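Please read the following points beside the sequence and the structure. They begin with a single residue and widen to the chain as a whole.

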Amino acid sequence: MATHISSHDTQSTRVGDSDTGLLEKDSVSPLPAHDVVYQHRLSLGDPTLLGLLGFLIPLTVAVFEFLRFQGANASSLASTSGVFFFYGGIAMNLAGIIEFVRANSLPASGYLTYGCFWVCLGWAFDPLQNLAGAYAADGVPGALAKTYNSGGAMFFLAMTLCSFVLWLGTLKTNLALSLAVFCLVPLFALLCAGEYVDIISESVDSADVLCSLHIGYDPTPQGLDHAAYLFEVGAGFGFVTVICGWFMAVVAACEAGRIPCPIVRYLDIPMIMSSMHGRRKSAKKANGADAV
């Protein structure tokens with residue numbers, strides 16, 4: 001019996017030593033080695049690459065549509081709703097569940113949150129659902145209805161707050177991840193502003209200077225252009241997230257294939273802060289020695 005326990009513990013140690021991942025620093029403290037859940041956690045693969053690809057493929061598509069690349073625009077989201085459902089929804093939520101079982105709380109929260117976001121976005125723009133059509137009245141398309149766009153703005157506002165909370169959890173991980181999540185905050189904030197329908201200009205005189213700061217779009221060509229401009233600026237921040245995200249995907253692919261990627265250590269925020277602190281401490285000692 002003693003020999004069996006010793007062999008079992010040694011095997012657990014070997015598996016645990018090889019259990020590394022790009023977001024491993026985000027994980028909470030592991031459960032005791034004898035716990036069944038912990039043993040199950042060790043038997044699962046690292047879902048980092050799957051989760052990143054599940055997030056980046058729909059994000060890249062949406063960002064280029066909001067940037068109006070090659071004639072695309074916000075309405076092009078309807079033609080790519082399947083990407084949001086299957087890549088964003090299935091891949092990210094699967095990665096989130098695996099991270100949850102592996103007791104990695106921050107990656108699990110991020111994957112599941114944004115995975116559900118892509119499902120909601122795909123559902124809202126699915127032509128079969130035709131949600132905007134339910135708001136059509138008096139010859140005005142439902143996509144231009146104030147109630148329809150205000151509801152979408154509330155969702156983007158909630159995602160803005162959610163992204164800020166998740167960004168706080170990345171401050172001690174790596175620079176690429178922290179910058180990627182941070183840029184999601186202005187992205188969702190500007191999408192929220194673009195969805196609101198002329199809130200300020202309805203409550204002030206047309207000659208007031210605040211009219212030039214109205215939020216969102218009204219059902220006029222000028223209002224639509226203003227909303228498209230806000231979407232485009234927000235997509236600019238999203239493009240930064242896309243660049244950082246694909247970089248992390250390359251790193252995760254190299255890690256999964258056991259290919260050395262030395263540049264990663266230069267993006268480690270704790271290491272950068274420690275190095276800066278060490279340089280400042282050395283400079284203070286040098287200045288003190290010169291004064292003596």
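1. Contacts of A62. Setting aside neighbours within four places in sequence, A62 is in contact with L77, F84 and W118. The structure is a predicted model, and these contacts should be read as features of that model. A62 has its place in helix α3. Between A62 and L77 there are 15 residues in sequence, yet their C-alpha atoms are 6.8 Å apart in space.

2. Burial of A62. Is A62 buried or exposed? Its relative accessibility is 4%. A62 therefore counts as buried, since the term applies under 20% relative accessible area.

3. The nonpolar core. The largest nonpolar core has 40 residues, and the members that touch the most others are F55, Y114, W118 and F188. W118 is also one of the contacts of A62. At least two residues of this core come from each of α3 (48–66), α4 (81–101), α5 (105–124), α6, α7 and α8. Which helix gives the largest share? It is α7, with nine residues.

4. F55 within the core. Not counting residues up to four places away in sequence, F55 touches M92, Y114, W118, L184 and T241. Two of these partners, Y114 and W118, are listed with F55 among the core members that touch the most others.

5. T241 in helix α8. T241 is found in helix α8, which covers residues 221–256. Beyond residues up to four places away in sequence, T241 touches F55, L56, L59, A180, C183 and L184. T241 has a relative accessible area of 1%, and so it is buried.

6. T173 in a loop. Where does T173 lie? T173 is in the loop between α6 (146–168) and α7 (175–195). With a relative accessible area of 5%, T173 is buried. The side chain of T173 reaches the backbone oxygen of T170, at a distance of 2.6 Å.

7. The chain as a whole. The chain has nine helices and zero strands. Of its 292 residues, 39% count as buried. Among contacts between residues at least 6 apart in sequence, 69% join residues at least 24 apart. The chain exposes about 16,000 Å², of which carbon and sulfur atoms supply 69%.

8. Annotation from the record. An unreviewed UniProt entry places the feature "transmembrane region" at residues 49–69, 81–101, 108–125, 148–168, 175–197 and 227–249. In the model, residues 108–125 are 94% helix and 0% strand, and the end C-alpha atoms of this span are 26 Å apart. Residues 227–249 are 100% helix and 0% strand, with end C-alpha atoms 32 Å apart.

9. Confidence. The chain averages a pLDDT of 75, and 65% of the residues score at least 70. Over residues 25–34 the pLDDT is below 50, and this stretch has 19 contacts in the model beyond near neighbours in sequence. For residues 1–21 the pLDDT stays under 50, and the model has 13 contacts beyond four places in sequence. Where pLDDT is low, the predicted coordinates should not be read in detail.

Notes:
Residues numbered from 1 in each chain as written. Predicted model: local features only at pLDDT ≥ 70, side-chain atom pairs only at ≥ 80, totals over all residues. Heavy atoms only, no water. pLDDT = per-residue confidence, 0-100. Contact = heavy atoms within 4.5 Å. Helix = DSSP H or I, 4+ residues; strand = E, 2+ residues; numbered from the N terminus. Buried < 20%, exposed > 50% of the residue type's maximum accessible area, 1.4 Å probe, protein only. Polar contact = N/O pair within 3.5 Å; in protein donor to acceptor, adjacent residues only side chain to side chain. Core = buried A, V, L, I, M, F, W, Y, C linked by side-chain atoms within 4.5 Å. Areas by Shrake-Rupley, 256 points an atom, 1.4 Å probe, with all protein chains shown as cover. UniProt positions renumbered as here; feature names shortened; annotations may be inferred.
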